Amino acid sequence: MLRITDILDKIQSYLSAEELGMIEKAYIFSATVHQGQVRLSGEPYLTHPMEVAGILSELKMDAATIISGLLHDTVEDTLTTTEQLEKEFGKDVAFLVGGLTKLSRISFGSQEERQAENFRKMILAMSADIRILVVRLADRIHNMRTLQYQAPDRKIYIARETMDIYAPLANRLGINWMKMELEDLSFQYISPEAYTELSMRVHKTDESRNRYTEEVKNIIVSELEKVSIKGEVEGRAKHLYGIYKKMHEQRIDFDEVYDLIAFRVILDSEKEKTCYEVLSIVHALWKPVPGRFKDYIAMPKANNYQSLHTAVIGPYGERVEVQIRTKIMHEWAEKGIAAHWRYKEGRAYKNNEENQIKKLREVLEIQQEIKNPKEFMSNLKLALFPEEVYVFTPNGDVKAFSKGATPIDFAYSIHTDVGNQCIGAKVNRNIVPLKYELHNGDRVEIITKAGHHPSKDWLKYVVTTRAISKIRNWINLEEKKSSLFLGRDLLEKEFKRHNLKLGNYVKSDEIKKVFTEHSVTSLDDLISLVGYGQISPRQVVNHFLSEEPPKAEEAITEKVKKKDGVAPSLGISLTGIDDVMVKFARCCNPIPGDEISGYISRGRGMMVHTQKCPYIKRMDTERIVEVNWNVQKKHAYPVNIRVVCNDRKGVLTEVSSIISSFDINISYAQVATTDMIATCNFIIDVNDLIQLNKIFSAIRQLKAVKSVERMRKT
């Protein structure tokens, strides 16, 4: 177990004695409040906050961040309050721990909604203080290192969440070692077989690879010494997930991955031009691979990463990757924002640090406009996986976009109004369609027109989260306006049809019950649901009717009182039930002669089904009651029938004539033909099962008829 002295030894070189004292105090506090708690591994719970603080100390974070690492679970898992933390350790620590507190005490409708809200809260807090994310990443690193103690389904869920969100967040902060470790740890649980096989194959080549690495390193060092350039050369195998990803994307086998080894030249000089000098030396030694040179010094990545990348054909024809950077660039590449943290009074951010924080906040803050959990998570993932394309504004400024970006993305990056009013674009002085994909070095100019609006089709052509969010916001606003207009019209007509007036009920207690039932908070929201077609106007009006009349399309549905067990108007007898609404189920359309059962709904209405109906077999048996036919008066009952016959002229007329000869009404008829076979579907009104069987017998006499059957929903 990591000891507090180990942490203090790491940080004493850059923190004051007073700050070291506060960290030791936080350790004692954490040990006290977590006493008796254990992790799934069986270890004392204190091991977790200690490991988190240890990771933060390796990143050389400030005192408040390390203290927050020690205390990050105290509010959630103990009786500690944020007020208590503020009193003991100050506002800064209380704010950071508050931002880190999870949402386990809040109930959400779904796991997806819970995950989205968890990230939404984290992002909202990070907008004010990026240190919250650094602690969260350290927390996730240690949890992933001990993931083997979780249940199997939890392992997969946590690993996938880590791969989708946390590893990209580490990348956006520029903390490269965190990104790689999180990816490899996630890969181990998401694809265990592929992970095991790949790790074995990489391990088998360790000995020969190490020999080759030393040989190449010595060659580069020797060449640098000749021109008096001081620096360090590192050689390492690429991380497992990086190799797997390359194999998967390029559809190649392990043996076809030629650049397994990456070399890194880290120069003592702070001058960027020295990097280019070393590049020329490497290219003089070995032939460069065409198209593999990338200059991230002239055009840094979105996370402010700077380096020169090249691939060359090294000794023995092996392809190797070489990265060239200064020590300052290397520190940023490995530790990102954490490498240059400045929170002490009087010490400002450097320009590159300020720009990096600004970029990340822009990415994260735009997510706050999205309310739908699925849309939120989708957009967040998209925002965290950028492959940059660099283009120029008409003034010569450089803008970075995700790969696949179009002029619409460019327009929204300037201003929302420019995006909304965009009607065209010029790229390199030539007019291009709005779906044109931007390329490195393009010079882009947007053409706008006042009063123009976004199109729904634009969502097919944009890739940046800002553009997607702004277009969806505009569309949602317009759709809500349309739904309000339509919904109000539909509701007012439905109220009027029942001699009621909507305006008389808008402030009533009953309307509040309707709001609660449909999970809305205002009349406009309710009207929008009607306009969108998510609820019917009748559903709303029913709340204001003293007694619901029977629907026209359900003319055989009546509210009847039992009289000596008989309901003569419907032709059935009810066993032990008084004052009940009776309705015949449309799934099976029972008719006299069928064996039937009744199902009592919560509203005390009864639905009559045939006993063979598959739906009633799935229903609560305690609410199924005995009913019997007791026909005293003829009724017409709808029945669906299907007649399959040879496709020949006049066959529909022949079948229809037989049905009509029984003085039977045909309310629906449809014919479909395939491969000289005609399938005729009818809805006919019969008196009972005996009459239906007579009709079937007569239809079967036709030579063209192959089969006739009664249809039921399944």
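**Figure 1. Gln 691 is a buried residue of helix H27.** With a relative accessible area of 12%, Gln 691 falls under the 20% limit and therefore counts as buried. The model shown here and in the views below is predicted. Gln 691 has its place in helix H27. Apart from neighbours within four places in sequence, the contacts of Gln 691 are with Phe 662, Ile 664 and Val 686. Helix H27 spans residues 689-700.

**Figure 2. An open antiparallel sheet is formed by 4 strands, in the order S20-S21-S19-S22.** The pairing in this sheet is antiparallel. Strand S20 (665-674) and strand S22 (705-710) are at the edges; each has a single partner strand, so one side of each lacks a neighbour in the sheet. From one strand to the next the twist averages 15°. Strands of a sheet pair through backbone hydrogen bonds, in either a parallel or an antiparallel manner.

**Figure 3. Strands S20 and S21 form a hairpin.** There are 2 residues between S20 and S21. In the turn, Asp 675 has a positive phi of about 50°. S20 pairs with strand S21 (residues 677-686) in the antiparallel sense, over 9 bridges. Two of the facing positions can be named: Ala 672 stands opposite Thr 679 in S21, and Ala 669 stands opposite Phe 682 in S21.

**Figure 4. Strand S19 also pairs with S21.** Strand S19 comprises residues 637-646. The pairing of S19 and S21 is antiparallel and runs over 10 bridges. Val 639 stands opposite Ile 684 in S21.

Figure 5. Helix H26 (residues 651-661) lies across S19, S20 and S21, and runs at about 20° to S21. Helix H27 (residues 689-700) packs on the sheet and touches S19, S21 and S22. The direction of H27 makes about 170° with that of S22. Gln 691, shown in Figure 1, is in helix H27 and has Val 686 among its contacts.

**Figure 6. Helices H4 and H7 pack at an angle of about 50°.** The axes of helix H4 (residues 63-71) and helix H7 (residues 91-100) are 9 Å apart. At this angle H4 is oblique to H7. The crossing in which H4 passes H7 is right-handed. On H4, the contact is made by Ala 64, Thr 65, Ile 67, Ser 68 and Leu 71. On H7, the residues making the contact are Asp 92, Val 93, Leu 96 and Val 97. Two packed helices are described by the angle between their axes and by the distance between the axes.

**Figure 7. Strands S10, S9 and S11 make an open antiparallel sheet.** The 3 strands are arranged in the order S10-S9-S11. Strand S10 (430-432) and strand S11 (444-448) are the edge strands, each pairing on one side only. Neighbouring strands of this sheet are turned against each other by 35° on average, direction ignored. Strand S9 (residues 422-427) pairs with S11 in the antiparallel sense over 5 bridges, and Gly 424 stands opposite Ile 447 in S11. Helix H19 (residues 407-414) lies across S9, S10 and S11, running at about 80° to S11.

**Figure 8. Tyr 157 is a partly exposed residue of helix H10.** Helix H10 consists of residues 152-172 and includes Tyr 157. The relative accessible area of Tyr 157 is 26%, which makes this residue partly exposed. Tyr 157 and Ile 190 are 33 residues apart along the chain, and their C-alpha atoms are separated by 8.8 Å.

**Figure 9. The whole chain, for orientation, has 27 helices and 22 strands**. Of the 714 residues of the chain, 45% count as buried. The accessible surface comes to about 37200 Å², and 49% of this surface belongs to carbon and sulfur atoms. Among contacts between residues at least 6 apart in sequence, 65% join residues at least 24 apart.

Technical notes: Residues are numbered from 1 along each chain as its sequence is written. This is a predicted model: local features need pLDDT of at least 70, side-chain atom pairs count only at pLDDT 80 or more; totals for chains, interfaces and linings use all residues. Side-chain values use heavy atoms; hydrogens and water are left out. Buried means under 20% relative accessible area, exposed over 50%, partly exposed in between (1.4 Å probe, protein chains only). Contact means heavy atoms within 4.5 Å. Accessible areas come from the Shrake-Rupley method with a 1.4 Å probe; for residues, only the protein chains shown count as cover. Two strands pair if DSSP finds at least two bridges between them. Axes are lines fitted to C-alpha atoms, for helices over the stretch in contact, and angles run from 0 to 180 degrees between N-to-C directions. Angles under 35 degrees count as roughly parallel, over 145 as roughly antiparallel, 65 to 115 as roughly perpendicular and the rest as oblique. A crossing is left-handed if the near helix is turned anticlockwise from the far one by less than a right angle, and right-handed if clockwise.
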